[in-house]
Amino acid sequence: MIRKHIVEDRRDRLRALGELFRQLRKDAGLTGKELAQRAGVAQPSISRIETGQLLPTPETVDRLCVALGLNDTDHGRLDALLLRLRDEVARLKDGLAGREAADAARVRSAQRVVSFQPAMIPALLQTAEYARLALVVGRDVDEDDAASAAASRVSAQAVLFDAGREFAFVLTEGAVRTWPGSPSLMLAQLDRLVQVSTLPHVRLGVVPWTVPAPGFPLHGFTIYDGTTSVVEALTGDVTHLDPGDITMHMETFDAFAAAAVYGDELRDLLGEIAADFRELATKLDV
């Protein structure tokens with residue numbers, strides 16, 4: 001059902017893309033045949049794009065944009081639709097592993113990554129076992145696909161050690177205490193957070209449950225270079241490109257960041273949480 005929903009969303013966006021191309025062509029006063037001749041693109045391809053049957057290649061898009069004489073605003077509208085479509089196609093084609101590969105490419109291209117997570121450890125900070133469980137728990141997925149996806153997710157974490165990039169993570173204490181698998185798994189995950197917190201270009205904070213929340217954390221999100229925000233939903237990732245959405249997400253991040261603890265205070269908090277997990281592990285073994 002989830003996959004069907006994503007496919008239907010992709011078809012809707014393909015139709016929206018086609019309608020946008022058709023409107024831009026009409027605004028330019030061109031017929032489909034005239035646009036095809038100007039752009040050096042086969043006329044049947046123009047027809048299939050405008051009817052939502054074909055996702056154009058980047059080269060075709062560039063040719064059409066030049067032929068239509070698009071301004072920056074119209075070009076941006078096209079880019080926003082195309083970015084989401086190509087990302088969705090990659091994810092559908094290759095399953096979870098394809099989704100993670102797309103995410104890894106996005107991370108590698110970003111210089112600044114800002115992430116707020118109220119319910120789970122961010123993908124860039126997950127241990128291999130946490131990552132595997134994050135991909136499979138509560139989902140009907142192929143185990144081999146999930147294993148490949150987890151490996152891709154962990155491999156993408158190499159960017160954390162690039163001192164030329166900037167990372168900022170804010171979690172709620174609830175995210176740190178929510179455990180898949182076993183308490184022992186979380187002890188390794190907490191060690192991972194402690195290690196990352198010492199990197200000079202990584203700012204990691206946790207909002208303790210002892211302070212009032214600055215708002216209701218309805219969902220997490222990750223912002224790339226201040227231009228794209230990705231929300232991981234149950235039915236798939238939702239990409240936000242609208243500047244208003246980005247501003248709202250950034251303001252939410254800043255509000256929770258102001259309530260978080262960092263450095264030694266953070267590591268003390270993680271130590272307390274680790275002690276609770278050790279006690280829990282002992283009780284479960286009895």
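**Why these labels?**

Biologist: What makes glutamate 50 count as buried?

Modeller: Its relative accessibility is 9%, and buried means under 20% relative accessible area, with exposed over 50% and partly exposed in between (1.4 Å probe, protein chains only). So glutamate 50 counts as buried. Bear in mind that this is a predicted model, where local features need pLDDT of at least 70, side-chain atom pairs count only at pLDDT 80 or more, and totals for chains, interfaces and linings use all residues. Residues are numbered from 1 along each chain as its sequence is written, and side-chain values use heavy atoms, with hydrogens and water left out.

Biologist: Where does glutamate 50 sit, and what is in contact with it?

Modeller: Glutamate 50 is in helix H3, residues 43-50; helices (H or I, at least four residues) and strands (E, at least two) are DSSP runs, numbered from the N terminus. Leaving aside neighbours within four places in sequence, glutamate 50 is in contact (heavy atoms within 4.5 Å) with Gly18, Glu19, Phe21, Arg22 and Arg25.

Biologist: Why is the pair with arginine 25 called a polar contact?

Modeller: The two side chains come to 2.6 Å. The cut-off is a pair of N or O atoms within 3.5 Å; within protein, one must be able to donate a hydrogen and the other to accept it, and residues adjacent in sequence count only if both atoms are side-chain atoms.

Biologist: How do you know that the buried residues of H2 line one face?

Modeller: In H2 (residues 32-39), the buried ones are Gly32, Leu35, Ala36 and Ala39. Seen down the axis, they fall within an arc of 100°, so they line one face of the helix; the arc is that of the directions from the helix axis to the C-beta atoms. Gln37 and Arg38 are exposed on the face turned away from that buried side.

Biologist: What makes S1 and S2 a pair?

Modeller: Strands pair if DSSP finds at least two bridges between them. S1 (residues 112-117) and S2 are joined by six and run parallel; in one of these, glutamine 117 has leucine 171 of S2 as its partner. Six bridges also join S2 to S3 (residues 202-207), again parallel.

Biologist: And why is H6 called oblique to H9?

Modeller: The axes of H6 (residues 128-136) and H9 (residues 183-197) come within 9 Å and cross at roughly 120°. Axes are lines fitted to C-alpha atoms, for helices over the stretch in contact, with angles running from 0 to 180 degrees between N-to-C directions. Under 35 degrees counts as roughly parallel, over 145 as roughly antiparallel, 65 to 115 as roughly perpendicular and the rest as oblique, so H6 is oblique to H9.
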